[in-house]
Amino acid sequence: MYFSFLQFDLTTLAAGAVKLEDVFKSTKENMNQEAGPERLIALALGALAIVVLLIILAHRRKVDLVPRPVNNQNRLIREVLKTVPLKEAELKQLKQLADEQSCSSPLVLIMCPSLIARALQSKTTEQRKALAPTIKKLTSGNE
């Protein structure tokens, strides 16, 4: 539709029959036409789209400013193991002790020596000897 309108204007321009009065008359006629409901609906939808876009951008900026908390227990254990020199086998022993003591994590045992003492009371002497190097590592870091 626009192409035909453009083509019509180009042919009239090429013919040289366009006068300034015709341009003003055409502009005046276009300005006097009322806006149909299609134009108002399109304008309202455009304004609504801009508002939604601004809300999304503001929310995104707000989310980017606030760092998300890391609630990963395994990652926390890895971070703690960087400061506490425990091997994988020793960590498995602590996990087993934590399960026996109904602790949620071996980190609880690392932070609370009284739980380790209570866990060791129920062990045999051979098991205590096996756990002794691990306990020594944990207690030597606290002194």
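How many salt bridges does the structure hold? The structure holds two, a salt bridge being a side-chain nitrogen of Lys or Arg within 4 Å of a carboxyl oxygen of Asp or Glu. Before I go through them, please keep in mind that this is a predicted model, in which local features need pLDDT of at least 70 and side-chain atom pairs count only at pLDDT 80 or more, whereas totals for chains, interfaces and linings use all residues. Residues are numbered from 1 along each chain as its sequence is written, and side-chain values use heavy atoms, with hydrogens and water left out.

Let me begin with the pair formed by Lys-123 and Glu-100, whose side chains meet at 2.6 Å, N to O. This pair links distant parts of the chain, since Lys-123 sits in the loop between H7 and H8 while Glu-100 belongs to helix H5, 23 residues apart; helices here are DSSP runs of H or I with at least four residues, numbered from the N terminus. Lys-123 is buried, with a relative accessible area of 14%, and Glu-100, at 40%, counts as partly exposed, where buried means under 20% relative accessible area, exposed over 50%, and partly exposed in between, using a 1.4 Å probe and protein chains only.

The other salt bridge joins the side chains of Glu-79 and Lys-82, at 3.4 Å, N to O. These two are separated by about one helical turn, because they are three residues apart in helix H4. Glu-79 is partly exposed at 40% relative accessibility, and Lys-82 is exposed at 65%.

Leaving aside neighbours within four places in sequence, Leu-138 is in contact (heavy atoms within 4.5 Å) with Val-84, Leu-86, Leu-94, Ile-110 and Ile-116.

Finally, I would point to Glu-90, which lies in helix H5 and counts as buried because its relative accessibility is 11%. The side chain of Glu-90 reaches the backbone nitrogen of Lys-87 at 2.9 Å, and, not counting residues up to four places away in sequence, Glu-90 touches Pro-85, Thr-134 and Lys-137.

Definitions and conventions
Polar contact = N/O pair within 3.5 Å; in protein donor to acceptor, adjacent residues only side chain to side chain.
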